[in-house]
Amino acid sequence: MKKIFTSAFFTPIVFTVLWATMVTVILVFYPEQKFSITEDGEIIDVITNVGYVLMIAFMLILAKDYSEKTTSWGIYLFLGIAAFLREGGIQHHLSKTDTTPFKSRFFLNPDNPISEKIVFGLILLLIFGAVGYLAIKYTKHLITSFFKLNPVTWSTAVFCVVLVCAKLADRYPSNWRSAHGDQSLPREQIEFFSLMEESLEMFLPYLVMVIMLQYHILLSSKDKVK
């Protein structure tokens, strides 16, 4: 079982099957509910939040695996907590004058206080800095190990692709409206993209747990050899 779980093809195949099955079932059997189940408090939101709680617990439980990478582990934990808070909608309760302080329009709006712009700008810089640090430190390794069929690298690649696709699905309706003179997509298509976004984001914390477990198993195997 461990051999299957630590195969480079495990995560790509299992994720594709699970996600495609879930979306297909929703679109075929519950087409009228495909938008409502993506709203706050509904099944996808609940599964996502449970995933983030478990993910943070995994990070704490498996902290020993990163005893030689404490800085990276600290950044993982920070980003994990930030993602959990963002999923919970904390960004909508931070600014007194705007719906969210983490979009370009917030910083360009002259009605928003300069103090809030400075604080939230620093938070964004901290997040981008953390992601940039990980990218600089590990990109070369990820590229080389990808072609060596490293399972952790392949799972990380799936995570990154899912994250990008979720963001594209999230932004597509608004980008379409901006490009077509404020003409919105048909309601059916907006609901479809909402389902794509939320269903993809639902898997993100679970993909992180798979990555951590694969790393733990591989690390344990190396320790046994030593």
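Reader: Which helix gives the most to the nonpolar patch?

Author: In this predicted model, helix α2 (residues 10-29) gives the most, with four residues. The patch has an area of about 550 Å² and is made by V25, L27, V28, F29, Y30 and F192.

Reader: What makes V25 partly exposed?

Author: V25, placed in helix α2, has a relative accessible area of 33%. Buried requires under 20% and exposed over 50%, so the value for V25 falls in between and the residue is partly exposed.

Reader: Why is the pair of Y66 and Y215 called stacked?

Author: A search of the whole structure finds 14 aromatic pairs. The ring centres of Y66 and Y215 are 5.2 Å apart, and their planes stand at 20 degrees. Y66 lies in the loop between α3 (43-61) and α4 (70-87), whereas Y215 lies in helix α8 (residues 187-225), so the pair ties together parts that are 149 residues apart in sequence.

Reader: How do you know that Y66 is buried?

Author: Its relative accessible area is 9%, and the limit for buried is under 20%; Y66 is therefore buried.

Reader: What makes the contact of E201 and R86 a salt bridge?

Author: The side chains meet at 3.6 Å, N to O. The cut-off is 4 Å, so this contact qualifies as a salt bridge. The pair links distant parts of the chain, with E201 in helix α8 and R86 in helix α4, 115 residues apart. R86 also meets E87 in a salt bridge, at 3.7 Å, N to O. E201 is buried at 4% relative accessible area, while R86 is partly exposed at 34%.

Reader: Why are R187 and E191 said to be separated by about one helical turn?

Author: They are four residues apart in helix α8, which means a separation of about one helical turn. R187 forms a salt bridge with E191, the closest N and O atoms being 2.4 Å apart. R187 is exposed at 55%, whereas E191 is buried at 9%. Salt bridges that share partners join K34, R187, E188 and E191 into one network.

Note on methods. Residues are numbered from 1 along each chain as its sequence is written. This is a predicted model: local features need pLDDT of at least 70, side-chain atom pairs count only at pLDDT 80 or more; totals for chains, interfaces and linings use all residues. Side-chain values use heavy atoms; hydrogens and water are left out. Rings of Phe, Tyr and Trp (its six-membered ring) pair if their centres lie within 6.5 Å; planes under 30 degrees apart count as stacked, over 60 as edge-to-face and the rest as tilted. Helices (H or I, at least four residues) and strands (E, at least two) are DSSP runs, numbered from the N terminus. Buried means under 20% relative accessible area, exposed over 50%, partly exposed in between (1.4 Å probe, protein chains only). Patches are made of residues with over 30% relative accessible area and no salt bridge: like charges are joined within 9 Å, nonpolar side chains (Val, Leu, Ile, Met, Phe, Trp, Tyr) within 5 Å. Accessible areas come from the Shrake-Rupley method with a 1.4 Å probe; for residues, only the protein chains shown count as cover.
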